[in-house]
Amino acid sequence: MKPYSVCMIGNSHVAALKLAWSDRAPKLSEGFTMTFFSAQNRLMNHIEAKGRALVSGSEELAEKLRYTSDGMDRIELETFDAFVLVGSGFGIDVLRLREECGTIAPGGGPDGGNVPLLSRACFEAVVETYLDRCTAMELADMIRKVTPAPILLVGAPFVSERMVEDEPFSAQPWLKDRAFLEDFVACCRAAATRVAKRRGCEIVWQAPETVAMPGFTREAFNKNPVRFKMRSTGQPEFDAKHGNEDYGALMLTAILERLDAFSGGRVLAATSA
Amino acid sequence: MTRSPYENRDAKHFWRSGVAESHPLTVEDLYVKKFSIAPTDKVATAGSCFAQRVANYMRASGFAVMDVEPPPPLLSPEVAKKFGYGIYSARYGNIYTVRQLLELAQDAQTGFVDAANVWEKDGRHYDALRPNVEPDGFASVEEVLALRRDHLAKVRQLFAEMDVLVFTFGLTEAWLDRKSGRVFPTAPGTIAGDYDPERFVFKNFGFNEIHDDFVAFQDLVRKDNPDVKFILTVSPVPMTATATDKHVLVANTYLKSLLRTVAGALSDAYDHIDYFPGYEMVATPFSKAFFYENNLRLVNQAGLGAVMRIFFEQHGIHGKSGEQETADKRSERRAARREQQRERRGEGAPKRDPKRDRDITKEEAVCEELLLDAFAP
């Protein structure tokens, strides 16, 4: 069987996946490879298209890419069968989207303060614009100019449910309104799906078992998280915005299963019945 | 003793010197302001389609045009406009009749919303009182009402804070709910809903009704905002269709005459109400119809520029961008040249170009009334 080669590009959210890849990857098909290219979010938009490759626009980024990919600072797009774009501005951060895009009715109004109340359709249009401009979509556009290979989008995880318990969010009733949150996240997902579809990408949604209430990650998956810190040895005990290795393992499984389907069974090793 | 009371009158008082021998692009003394608008005065705009363009022009020209429901910052201006943002000072859409304006102010005072004013089409729900602000309708009746409540709170804020309201009278014809008496900006069935003669009734407002409605409106607004002033205009854009039995030209002349008369009467009666004669500039023999597009309905850029020049000359604000000013001047010169050429050739009104009409329609201000065209034979 022809080996299948996947390129994963993303910001700090790649870390949980990489950890799971190293420690807990399922049995894979012979010759299957996954190459990671990762750097902090602020550096990711230094990636540039050059010919049929993505290259680093700064030495700082180049260093990160070499570090995470075992020596490469140039992504030759045609050498990969599929791409996985992780985080890099793509994702549904309920707190941030509500603040930057607006809120919806019913349930999102009375305590909205300065947050504009929008119709669902308008809110979706705003979120669509928001996601359209993220680095992950810029990367998808650059990849699409060179290859029609499958692109999976893996958003940053939802923020931790623990955020709701802390100031200033603990006093906001909309965060306790499950029906509203379901609606809100549904609108965001609809917008994200349209953004992805326009580029021929597919979204791997956050694994249901990691989700607390809609739009929030169960706290257990935010403890001892990992993120991309090349020279750092220490990691925080809790990180409201990053997943840990358990989170990474669940998401990696979902990603590999989807890639396996795309590739016609060239990713996961065949299991005997 | 003079031989005639008209002796020693200024040139502007005589048709020959004031109109026949004058040019719309250079005419003087057509309008003398009753009060000034300072650059810091908060200006609100509302009315029919033409008012949208007046609002844009004022905004671009340095007036402090209010917007209490600004578009979400991330939306492109095109998408924002589809959702009714950035058109008027609040997201109320076109207000064609004075009754509609009055009812909006009353609702804004009380926060009154009514599910009976939500119309349905293809499973989507429309706010019948501003049906064009949501291009594909709302997801539910509940959503319509929640957004309307929010809108009314913003309108109340607008009416309480504005220093000047520029309101353009558009129509006298409207459709009402028989039971509630509520007036709608569009006929049921045009954008959404269904025309049920048992439920809806046609109404052509008369002088007293329009006059009294405006007086009631200003009384209501001035309770919270006693110093507010009003500038009234009459839209020179003719009606698209009439629901009366009359020819549309006859119906249009009647309604514009009524509106002009009401505006004049109000302006004569109140110091805080001024009338601005944009209608006279565009819709009378003075302009020989060259401020209209080929469909003899929509006002072209030159017309708008000529009208606004007179307004700005009186109100002394000249903050228009160089680009806008140049474009207007170019457009005015083109219109004047076309008109001179037609005169030289002894031609009347320009011939219609259906394709051009379609293009104009695409570009024109958001205008529900135009949808009636879709029902024309």
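How many salt bridges does the rule find across the interface of chain A and chain B? The count is zero, where a salt bridge is a side-chain nitrogen of Lys or Arg within 4 Å of a carboxyl oxygen of Asp or Glu.

## About the model

This is a predicted model, so local features need pLDDT of at least 70 and side-chain atom pairs count only at pLDDT 80 or more, while totals for chains, interfaces and linings use all residues. Residues are numbered from 1 along each chain, chains are lettered from A in the order written, and side-chain values use heavy atoms, leaving out hydrogens and water.

## Where the chains meet

Here, 15 residues of chain A are in contact with 15 residues of chain B (heavy atoms within 4.5 Å). The buried area is about 1300 Å², and carbon and sulfur atoms give 71% of that; this is accessible area (1.4 Å probe) lost on putting the two parts together, summed over both. On chain A's side, A:L117, A:S119 and A:C122 lose the most area to chain B, together 33% of what that side buries.

## What chain A brings

Helix α5(A) gives seven residues, the largest share of the side that touches chain B. By class, that side of chain A has ten nonpolar, two polar and three charged residues (Ala, Val, Leu, Ile, Met, Phe, Trp, Tyr, Cys and Pro count as nonpolar, Asp, Glu, Lys and Arg as charged, and the others, Gly among them, as polar).

## Cysteines

You'll find zero disulfides over all chains (cysteine sulfur atoms within 2.5 Å). For A:C101, the nearest cysteine sulfur, that of A:C188, is 7.5 Å away.

Terms used. Helices (H or I, at least four residues) and strands (E, at least two) are DSSP runs, numbered from the N terminus.
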